[in-house]
Amino acid sequence: MTTNKKRAYNFNAGPAAIPLSVLENAQSELTDFQGTGMSIMELSHRSNDYEAVHNAAIERLTKLYNIPENYEILFLQGGASTQFATIPMNFLTPDTEANYVMTGSWSEKAIKEANLFGKTRITASSESDQYRYIPTVSQTDIDKNAAYVHITTNNTIYGTQWQTFPELNDVPLIADMSSDIMSKPINIEQFDIIYAGAQKNLGPSGITVVIIKKDLLEKGNTNIPTMFQYKTHAKANSLYNTPPTFGIYMLGEVLKWIEEQGGLEAVAKNNEEKAALLYNVIDESDGFYVGHAEKESRSLMNITFRLQDESLEVQFLDEAKEAGFVGLNGHRSVGGCRASTYNAVPYETCKALSEFMISFMKRNK
Ligand SMILES: *Cc1c(COP(=O)(O)O)cnc(C)c1O
């Protein structure tokens, strides 16, 4: 079944590549989910058949990420962008301040929402250097009484990624992991909230995964609409209202695929090898290709670069498109080129791009 399928070299930033085996399996059970005579999309979210899918996805996430019992896993809607507001709504009180580390446009969007609900402070920022690096954050930079510290672990647009995370003792650490969730093993206990839209590394758009420490969850504001309280969803196992059932099913299938790859360590190793293919071409190009991010802050998920001769950039992108590469344009806010190499982008796809980049360089140097 896998032969003769035309599959693009997909470097889209999100929604992004999904493993072919996951898509094929979903296709095979699209009209009859496990003998029910119904699509997964047609099942009641209160049925045992659906609940098994829902709980299996939570279990897989727990196992793969080694999530301790004092955390809750939630499947919400509205994307990571809704979390930008939900977090301050729940945890920013009038007598506290939220600390934000600014590493790109997503951090900017996050703090903008928090400013609607209370006081914020920028702890560190690389804005003045076009967000080329991840600033260091030490405990002394953080208000001891801060409501929380917010970071963006991978900066999808600028191509930078935190390599180690700040240790904050008692101040909760909240992380937008939309573009590098489950790309490598992490220690969950360093975080109080992790959130991510699923459409980059975990499946289709429509679900937001939230991993939240229970003692923080308990402190959530109850004077806000029911749907915006984390407690509502925690109490109901994310079944307070109708969840995005098809997306959760797909998420579960992607997690199963990660298990089949050998888990997060294997996935991380593959991601490192994929990124190395492209960074090596950039680094060995004698300045023909210029990486945007500083080396120590480089992302394994989004590889951002320009052509030194910017007049060649349009030609590069046109020829790449012609050769079957999809999604290589940089984000509309920064231009240039970007290859997003999320978990589901195969090594061979990255290899093909690295070869294309070398051959383009040879032809145009
Ligand atoms: C894509 C992205 C978002 C926005 O996610 P939505 O689900 O579209 O709201 C937020 N943060 C980061 C880091 C992203 O990459």
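The expected span of a helix is 1.5 Å times one less than its number of residues. Helices (H or I, at least four residues) and strands (E, at least two) are DSSP runs, numbered from the N terminus. This is a predicted model, in which local features need pLDDT of at least 70 and side-chain atom pairs count only at pLDDT 80 or more, while totals for chains, interfaces and linings use all residues. Residues are numbered from 1 along each chain as its sequence is written, and side-chain values use heavy atoms, with hydrogens and water left out.

**Helix H3**

- Helix H3 covers residues 79-91, and its 13 residues should span 18 Å at 1.5 Å a residue; the end C-alpha atoms are 19 Å apart, which agrees.
- H3 bends by about 25 degrees at Ala85, with a proline, Pro88, following within four residues; the bend at a residue is the angle between axes fitted to the seven residues ending there and the seven starting there.
- Ten of the 13 residues of H3 are buried, so the helix is largely enclosed by the rest of the structure. Buried means under 20% relative accessible area, exposed means over 50%, and partly exposed lies in between (1.4 Å probe, protein chains only).
- The buried residues of H3 are Ala80, Gln83, Phe84, Ala85, Thr86, Ile87, Pro88, Met89, Asn90 and Phe91.

**Ligand surroundings**

- The ligand is surrounded by 13 residues, of which the closest are Ser81, Thr156, Asp176, Gln199 and Lys200; a residue is near a molecule or strand if one of its heavy atoms lies within 4 Å of it.
- An N or O atom in the side chain of Ser81 is 2.6 Å from an oxygen atom of the ligand.
- An oxygen atom of the ligand lies 2.7 Å from a polar side-chain atom of Lys200, and for Gln199 the corresponding distance from a polar side-chain atom to a ligand oxygen atom is 2.9 Å.
- Of the 380 Å² of accessible area that the ligand has on its own, the protein covers 87%. Accessible areas come from the Shrake-Rupley method with a 1.4 Å probe; for residues, only the protein chains shown count as cover.

**Helix H8 and its packing**

- Helix H8 (residues 263-283) has 21 residues and reaches 30 Å from its first C-alpha to its last, close to the 30 Å expected at 1.5 Å a residue.
- Buried positions in H8 include Leu264, Val267, Ala268, Asn271, Lys274, Ala275, Leu278 and Ile282.
- An α-helix has 3.6 residues a turn, so residues three or four places apart point the same way.
- The buried residues of H8 pack against helices H2 (48-65), H7 (245-261) and H10 (347-364), and against strands E11 (289-291), E12 (302-307) and E14 (337-340); contact means heavy atoms within 4.5 Å.
- Glu355 has its place in helix H10, and its C-alpha atom is separated by 8.7 Å from that of Val281, 74 residues apart along the chain. Glu355 is partly exposed, with a relative accessible area of 45%.

**Buried polar side chains**

- Thr103, in the loop between strand E3 (97-102) and helix H4 (105-114), counts as buried at 0% relative accessibility.
- The side chain of Thr103 makes a polar contact of 2.8 Å with the side chain of Asn155. A polar contact is a pair of N or O atoms within 3.5 Å; within protein, one must be able to donate a hydrogen and the other to accept it, and residues adjacent in sequence count only if both atoms are side-chain atoms.
- Not counting residues up to four places away in sequence, Thr103 touches residues including Tyr131, Asn155, Tyr158 and Trp162.
- Glu253 lies in helix H7 and counts as buried at 14% relative accessibility; its side chain makes a polar contact with that of Asn25 (3.0 Å).
- Glu313 is found in helix H9 (residues 313-322) and counts as buried at 9% relative accessibility. A polar contact of 3.2 Å joins the side chains of Glu313 and Arg306.

**Backbone geometry in loops**

- Most residues other than glycine have a negative phi, and most peptide bonds are trans.
- The peptide bond from Gly14 to Pro15 is cis, with omega near -10 degrees; Pro15 is found in the loop between strand E1 (9-10) and helix H1 (20-28).
- Asn237, in the loop between helix H6 (230-235) and H7, has a positive phi of about 55 degrees although it is not a glycine. Asn237 is partly exposed, with a relative accessible area of 27%.
- Asp286 lies in the loop between H8 and E11, and its phi is near 60 degrees. Asp286 is exposed, with a relative accessible area of 69%.
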